Structures are given as structure tokens and as C-alpha cells.
Amino acid sequence: MEPAGDFQAYPAASELIALQDDERPRFWVTIDTEEDFDWAAPFARTGFRLDSVPALAECQGFFERAGIVPIYLVDWPIVQDDRAVDILAKALRAGRCDVGAQLHPWVTPPHDEVVSERNSYTGNLPPDLQRAKMTMLRDAITRRFGAAPVVYRAGRYGLGADTATMLAELGFRCDTSVRSGFDYRKGDGPDYRGAPLHPWWVATGKGAVLEVPVTTVFGGLLGAGGEGVYHRIARGGMHAGAALARLGLVERIALTPEGIPADRACRAIDIALDQRLPILNFSFHSPSLQPGNTPYVRSDSDLDRFYRWWDAVLDHLARRGVVPTDTAGILALAARKAPGNSA
Ligand SMILES: [Zn+2]
């Protein structure tokens, strides 16, 4: 029997894709492109809005002017929306963005499961149902955008033991669902504490899939020992973690404009570069592009701050010699270590 590849069986350090001496680090902008819903309410199949969809045009324009090819990880309601397809397909055809798949199982057919927190993590669904939803989403993207998606993100970072094999079967080449440094076990989700920050290949019986984890670093006075302390304290509740951050002992910093001030993000970039990460993987959610949908962008001035955040961060990246990349660039960089290649 072929070994079943699993994204959560982390590889040895020698298997990670490292930055070569003459190579510049890259950054990737990944956008969870999805419906607007109440993040504090229970999951529901209906009742979401798509009010933030027109704001994708402003977002795309911003990144185009900055010379960046972002990837929109679109979910089922977005793929059904003509306005979204209109904005993104045009940019995709012009080579100015990529489109990948993001699976929010509670709004993706077939609807054969009970909608619950546990079932909001795609990887918790029975394998046949998970595969059926992934297939529906892939085929809808292919039909609507004229190109099959090769990048996948599980909604709520919910990978399962079978996800890698399914992705390979369905023609995906790259997954970006591992959110290193986060533990979702409280809601029956995955535990990504101790997950690598470098990309790596996962071999399955159906082909190899590249994992490109979402970047989160640990900073603070405790240095490299901080992550372990953070996780031990975090078990005691959020307040202890916040106190650690206030004291400057240890802080967890995700590369996102959502809830992370620009100066902290720039510090995180420096930490990631010290670790010689080949790819800095930024992420945010498209509902944040319109005030009122997410806890992070409540007002017009928040939205203004959102784009100023990118100005500051892009400036810092340029100063540090980090260059933008896209799906093709990442797969090309990783090819030297692909299973079957000697490297
Ligand atoms: Zn999502």
C-alpha cells in the first residue's frame, strides 16, 4: 500500500524547502474570498450576504498598482456571484491575479451533514462528503473562471487525514491550510502548534501536493523559547497570553492586516527573515474590504487604515529585499525538492 500523505505528519527539517544562499525571499498575498456572515453567530447554510463583493475591484486595483499578483481563494457563494466572477475572471485572464479554492463546508453542496462547529472544519466530514464538496467547488470554479484551481485552503484551516490524497486526485498542486502556531482543538479543529513555517511536499499515492503554511511567528524577549511558553500559558486562557504580550515576553504575530498593527507586522517580517523563510504567506478575509463585516474593519477609517497597513508593510518588504510571488513562482521554487526530483 502507498503511504497515505498527511499534511499533519510534519516532515524532518531536511525535507523543508529552504532558502538558497543566492535566493531572495518572496511574499504571497492570499485572500480568503467569501460571503459576509456574522462571525459570532452559529454557522448557517443561509442568511449570509455578499455586500462586500464589489469591494474586490478596489482591492485588485490596489494590488495591481503595487505590482502584486494576489490569489483569491474563492468559496462556493463567491463562485455563484456574477459580480465576483466578472471582477476576478478579468484580472485572472490578464495574469494579474490567481484564483484558488476555499471550502466553507456549511455553504457548499451537497448538504448532507448537520451544520455545527465540528462540521465547519472540512476535515471532520466523512471522506466521501468532503470529496463531493471539493469536487463541486473545483468544477464550479473551472466552469466559471475557465481554469481549474490548483491551490486549496480548507475553511477554518480544517484539514483532515485524507485531504492531501483527495487534493492530488482532484488535480490540486498546492495547499495553504496549515496555520502554524494555532491550536483549534477547542472547536474540534486541528492543532498546528509545532507546524513548520517553511513549505514542504506531501507525497500521496495520487501525486504530491505542496504545503505552503500561513505565516505566523513568535517574537518577544524570550526569543526562540517563547513559543513553548506561549502555548503553555494559552491553556490558562486568553488573558495570560495578552499579559505576556504586554510584558514583551512573548507575542504571536500573524502576517495579516486583521488585528495586527503595521509596526508589529514589520517586526514579524524581520523575525521571519531571520528564520530564512523562503515564502512569507500573508492572508486576510475579503469581507474586511467593506466596513461592518468583520471585527477588524468596522468603519471607513478602519478601511483606510487597512490599505495604509499594506502601504507600510509593502514598503518594509521592499526595503528588506522581499519580492512578490504568485502560484507559478511558488511551484517553480519548490520544484527542486519535488518528490522524484533530485535536490
Ligand atoms: Zn473562510
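Author: Helices, of at least four residues, and strands, of at least two, are DSSP runs numbered from the N terminus. The model under discussion is predicted.

Reader: Is Leu222 buried or partly exposed?

Author: A residue counts as buried if 20 or more other C-beta atoms lie within 10 Å of its own, and as exposed if 12 or fewer do. Leu222 has 18 other C-beta atoms within 10 Å, so its class is partly exposed.

Reader: What separation is found between the C-alpha atoms of Leu222 and Leu249?

Author: Leaving out residues up to four places away in sequence, Leu222 touches Val229, Leu249 and Val250. Leu222 and Leu249 are 27 residues apart along the chain, and their C-alpha atoms are separated by 5.5 Å.

Reader: How far apart do the C-alpha centres of domain 1 and domain 2 lie?

Author: The protein chain is divided into domain 1 (13–215 + 255–337) and domain 2 (218–252). Five residues of domain 1 are in contact with five residues of domain 2. On the side of domain 1 that touches domain 2, the residues divide into two nonpolar, one polar and two charged. The C-alpha centres of the two domains lie apart by 26 Å.

Reader: In what sense do strands E6 and E7 pair?

Author: Strand E7 (residues 207–211) is joined to strand E5 (residues 174–175) by two bridges, and these strands run parallel. In that pairing, Asp175 has Glu211 as its bridge partner in E7. Strand E6 (residues 200–204) and E7 form a hairpin with two residues between them, and Thr204 is the bridge partner of Gly207. Over five bridges, the sense in which E6 and E7 pair is antiparallel.

Reader: Why do the buried residues of helix H1 line one face?

Author: The buried residues of H1 (residues 55–65) are Leu56, Cys59 and Gln60. An α-helix has 3.6 residues a turn, so residues three or four places apart point the same way. What covers the buried residues of H1 includes H3. Those buried residues line one face because, seen down the axis of H1, they fall within an arc of 95°.

Reader: Is Tyr121 buried or exposed?

Author: Tyr121 lies in the loop between helix H4 (117–120) and helix H5 (127–145). Apart from residues up to four places away in sequence, Tyr121 touches Arg156, Gly158, Asp188 and Gly189. Tyr121 has 22 C-beta neighbours inside 10 Å, and therefore counts as buried.

Reader: What is the value of phi for Arg156?

Author: Arg156 lies in the loop between strand E4 (151–154) and helix H6 (163–169). Arg156 has 24 other C-beta atoms within 10 Å, so this residue is buried. Arg156 is a residue other than glycine with a positive phi, near 60°.

Reader: What phi does Arg276 have?

Author: Arg276 is found in the loop between helix H9 (262–274) and strand E10 (279–285). With 13 C-beta neighbours inside 10 Å, Arg276 counts as partly exposed. Although Arg276 is not a glycine, its phi is positive, about 55°.

Reader: Is the peptide bond from Pro109 to Pro110 cis or trans?

Author: Pro110 is found in the loop between strand E3 (98–103) and H4. The peptide bond from Pro109 to Pro110 has omega near -5°, and its form is cis.

Terms used. Residues are numbered from 1 along each chain as its sequence is written. This is a predicted model: local features need pLDDT of at least 70, side-chain atom pairs count only at pLDDT 80 or more; totals for chains, interfaces and linings use all residues. Two strands pair if DSSP finds at least two bridges between them. Domain bounds come from an automatic or database domain assignment. Two residues are in contact if their C-beta atoms, placed from the backbone, lie within 7 Å. Ala, Val, Leu, Ile, Met, Phe, Trp, Tyr, Cys and Pro count as nonpolar, Asp, Glu, Lys and Arg as charged, and the others, Gly among them, as polar. The arc is that of the directions from the helix axis to the C-beta atoms.
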